[in-house]
Structures are given as structure tokens and as C-alpha cells.
Amino acid sequence: QEIRNVARQIVKERAEGIRYGQLLALILDEYPATPQNTIQGSIWNLDQQFPAEVHKPSRGIFKPGPANGASEEEPEAPQPSRLREEMFYDTFADWLKNDLEDATDAVRLGGAGLRSKWSTPDVIGVYKPLPSDRIKFPHEIISAEIKIEPQAPVVAFGQAVAYRLFSTKTYIVMPETIAKEDLDRLEALCILFGVGLVLFTLNPQQPDFKIRMRAQRFSPDMYFVNEFADSLHRHDKDLFNRLFQ
């Protein structure tokens, strides 16, 4: 019971939540003589033992419940009024090309006026053979959807999946301030659908992009590939030639 009370107090003091493994490590530090199995058996269902004080919004995460003055809903994180998504387009395009090396070339595209959210990624990249490559291969399109609002993972995921129609790889780029339970769900969906996931800091000068999950390679629908290519060519012929020739 003492272990349960200590665990309950630790959760109460962490409004943002705490993972099961972190909670276990903290209690082991405080009670080093207690067998780990005993501690695990005492805290694994903490939310069921104290339903008014502890709840489990996602797998492996404990958060304070309503009895501790905590809201069941994730509070909205304040966003700097001057931040805009397009501030991160160019830096992510450079990161996609030079750090992740998933693209031979990458450019910003969001808001480019292709007239369709189905086919206007924020950043578009192309992986294509170089003149020095002895064996040539087809061009691969890499698309990315960037969000600065941590509450927008569902929208980002829907758009990223839509880009799979014409893209070989797609990425979702979310701020590190995304709630843990939202991140867990988004990560699970990315695993199921092969979408890449990148986290970053809301600092346009130093976004510090970190790969959470690499995108899987898929064969797009060539009808939609050509539809996207036609739209891009009509909108900006020079940009099309830069990427695809």
C-alpha cells in the first residue's frame, strides 16, 4: 500500500503525465530493497485502484485525474502569435535533403496554389538518379505535411495519407509540444500506414528536426502522379524542371 501511495503522489505532481517505465524507475530509486516484481504488481493498474485520482489516457501513461483538479481534456498549449507554418518550410526542405538524405532535391510548396489540399504538400522532394549513377532508377516523390499546432495530428495524418496517392514516401512533421497520448496514437497510425514522423522545436531559426520514424517506400498510383505533375508544371514550369529533369 505504501508503494501505491507513493506512485499516486508522483502521478499527482506531474500534470503532463508520466510513463509507466519512468514511474517504476522513480519508485525503484526510492525503495531499492524492494523487488521490482513487487513494485510492478502494485502499480500496473494504478488507474483502477484510484480511478478518481489517476487516469490512463493512453497505453503506458498515467495522468492526474479530476480529483486532483486535472481536466480530462488536454489543455491547449499557447502558440506564439507570430509563428506561421511557412517559417519552417525551407529549413525542413534543407533537412530532408542534407540531413535525412531522403531527397536529392527538396523545395517548399505549401500555399503554392495547386488548388487542392489533396495534392499540395508543404514540402515536396524528389529522389532521382545522379549523372554519376551507373544504374538509373525512376524518380521518387517525397511529400511532407508540417503543423505548428500540437492539437492538429489528425488533420496532418489525413493529409499525409492523401499524399500517398502520388508520393513514394510521406512525412508528418509535428512540434515537440504535442501531447503524449496524441503522439502515441499518431505514432501507432504511422506504423500501420508507413508514414514517416518527425518532431521539431517551435523555433524558426533552430527547429532541431528529429526523426521519430522513417517513412516506408510505397508505389504510388501513376494516374495521380501524372495529375500532380501536370498541376505543378502548369503552376511553375521552372520548379517542375528543377525537380523532375
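Reply: The account below treats the helix and then the salt bridges.

The model is a predicted one, in which local features need pLDDT of at least 70 and side-chain atom pairs count only at pLDDT 80 or more, while totals for chains, interfaces and linings use all residues. Residues are numbered from 1 along each chain as its sequence is written, and side-chain values use heavy atoms, with hydrogens and water left out.

Helices (H or I, at least four residues) and strands (E, at least two) are DSSP runs numbered from the N terminus. Helix α8 spans residues 222-235 and has 14 residues. From its first C-alpha to its last, α8 reaches 20 Å, close to the 20 Å expected at 1.5 Å a residue; the expected span is 1.5 Å times one less than the number of residues.

Accessibility is classed as buried (under 20% relative accessible area), exposed (over 50%) or partly exposed (in between), with a 1.4 Å probe and protein chains only. V225, F228, A229, S231 and L232 are the buried residues of α8. They lie on the same side of α8 because they cover an arc of only 165 degrees around the axis, the arc being that of the directions from the helix axis to the C-beta atoms. Y223 and R234, on the other side of α8, are exposed. The buried residues of α8 pack against β5 (123-127), β6 (140-146) and α9 (237-244), where contact means heavy atoms within 4.5 Å. At the start of α8, the backbone nitrogen of Y223 has a side-chain oxygen of D221 within 2.9 Å.

A salt bridge is a side-chain nitrogen of Lys or Arg within 4 Å of a carboxyl oxygen of Asp or Glu. The whole structure holds 13 salt bridges. In one of them, the side chains of E176 and K210 meet at 3.7 Å, N to O. E176 lies in the loop between β7 (169-175) and α7 (180-193) and K210 in strand β9 (residues 210-213), so this pair ties together parts 34 residues apart in sequence. E176 is partly exposed at 40% relative accessibility, and K210 is partly exposed at 39%. K210 also forms a salt bridge with D208, their closest N and O atoms being 2.3 Å apart; D208 is partly exposed at 43%.

The side chains of R212 and E187 meet in a further salt bridge (2.9 Å, N to O). This pair links R212 in strand β9 with E187 in helix α7, 25 residues apart. R212 is partly exposed at 38% relative accessibility, whereas E187 is buried at 19%. Finally, a network of salt bridges links D102, K169 and R214.

Note on methods. Polar contact = N/O pair within 3.5 Å; in protein donor to acceptor, adjacent residues only side chain to side chain.
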